[in-house]
Amino acid sequence: YILIDAATGTVLTEYNADTALPPASLTKIMTTYVADNEIAAGNISLNDEVFVSVKAWQAEGSKMFIQEGTQVRVEDLMRGIIIQSGNDASIALAEHIAGSEEAFADLMNQHAKQLGMSNSNFLNASGLPDPNHKMSAHDLATLAGTIITRFPEQYKIYGEREFTYNNIVQTNRNRLLWQDKYVDGLKTGHTNAAGYCLVASAKRDGMRLISVVMGTRSEEARAAESQKLLSYG
């Protein structure tokens, strides 16, 4: 775990924060960060229509439920990734930006290097398990802080409680959005290898904190441990 002051990057408390671990869907924070950069550079726009490939449609795990052969707006895919944690949406957006998920993973690693995320390595856009796909708590805190600072409009999506696509309503898995009025983002993750993970951010009395917990045993535990860190900060 780690807790940082978002404005200064000062570490308030940490434990094994530089250990490279399976990040599960916390990966998608980097997926959306790459997309934010592509939007800012004018390479893609929120209104682009993205073609859904067979690979994206067949993605395992959590889904936005996009259909093969259809087109989906980038803005909808961003919500599908952030709020619904859609592996299908992650792959579709990666292919739209880089041509293939493998090429997109190279982009993710380039951005990680630029941010000094020295304990992260990306092999896919979704966080589906791979022994060499890793992130550290410290790297995640750095990434979250960069998104909040550089892309405040896009960051707001992380605080949205639900998203409906294809008449399917899915709620944000970050339960702190309901439990703590100061929390306004970011993202959960879970696989058997990663355990239950959560990157959260809260702003109170002009001070913004970012907490990261990885490898807890349950949804309740990741919320409780994150809340403890934020309250302490």
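Reader: Before we start, what should I know about the model and its numbering?

Author: Residues are numbered from 1 along each chain as its sequence is written, and in this predicted model local features need pLDDT of at least 70, side-chain atom pairs count only at pLDDT 80 or more, and totals for chains, interfaces and linings use all residues. Side-chain values use heavy atoms, with hydrogens and water left out.

Reader: Okay, which residues of H1 are buried?

Author: Helices here are DSSP runs (H or I, at least four residues) and strands are DSSP runs too (E, at least two), numbered from the N terminus. Buried means under 20% relative accessible area, exposed over 50%, and partly exposed in between, with a 1.4 Å probe and protein chains only. In H1, the buried residues include Thr-27, Ile-29, Tyr-33 and Glu-38; 12 of the 14 residues of H1 are buried, so this helix is largely enclosed by the rest of the structure.

Reader: And what comes after H1?

Author: Gly-42 follows H1, and its phi is positive, near 80°.

Reader: You listed Tyr-33, so which ring does Tyr-33 pair with?

Author: The structure holds 3 aromatic pairs, where rings of Phe, Tyr and Trp (its six-membered ring) pair if their centres lie within 6.5 Å, and planes under 30 degrees apart count as stacked, over 60 as edge-to-face and the rest as tilted. In one of them, the centres of the Tyr-33 and Phe-151 rings are 6.0 Å apart and the planes stand at 70°, so the pair is edge-to-face. Because Tyr-33 belongs to helix H1 and Phe-151 to the loop between helix H6 (137–150) and helix H7 (152–155), the pair ties together parts that are 118 residues apart in sequence.

Reader: Are those two buried or exposed?

Author: Tyr-33 and Phe-151 are both buried.

Reader: New topic: where do the buried residues of H9 sit around its axis?

Author: In H9, the buried residues are Arg-222, Ala-223, Ser-226, Leu-229 and Leu-230. Seen down the axis of H9, they fall within an arc of 130° (taken from the directions from the helix axis to the C-beta atoms), so they line one face of the helix.

Reader: What is on the other side of H9?

Author: Lys-228 and Tyr-232 are there, and both are exposed.

Reader: And what do the buried residues of H9 pack against?

Author: Counting contact as heavy atoms within 4.5 Å, they pack against several elements, among them strand E1 (2–5), helix H8 (176–179) and strand E9 (207–216).
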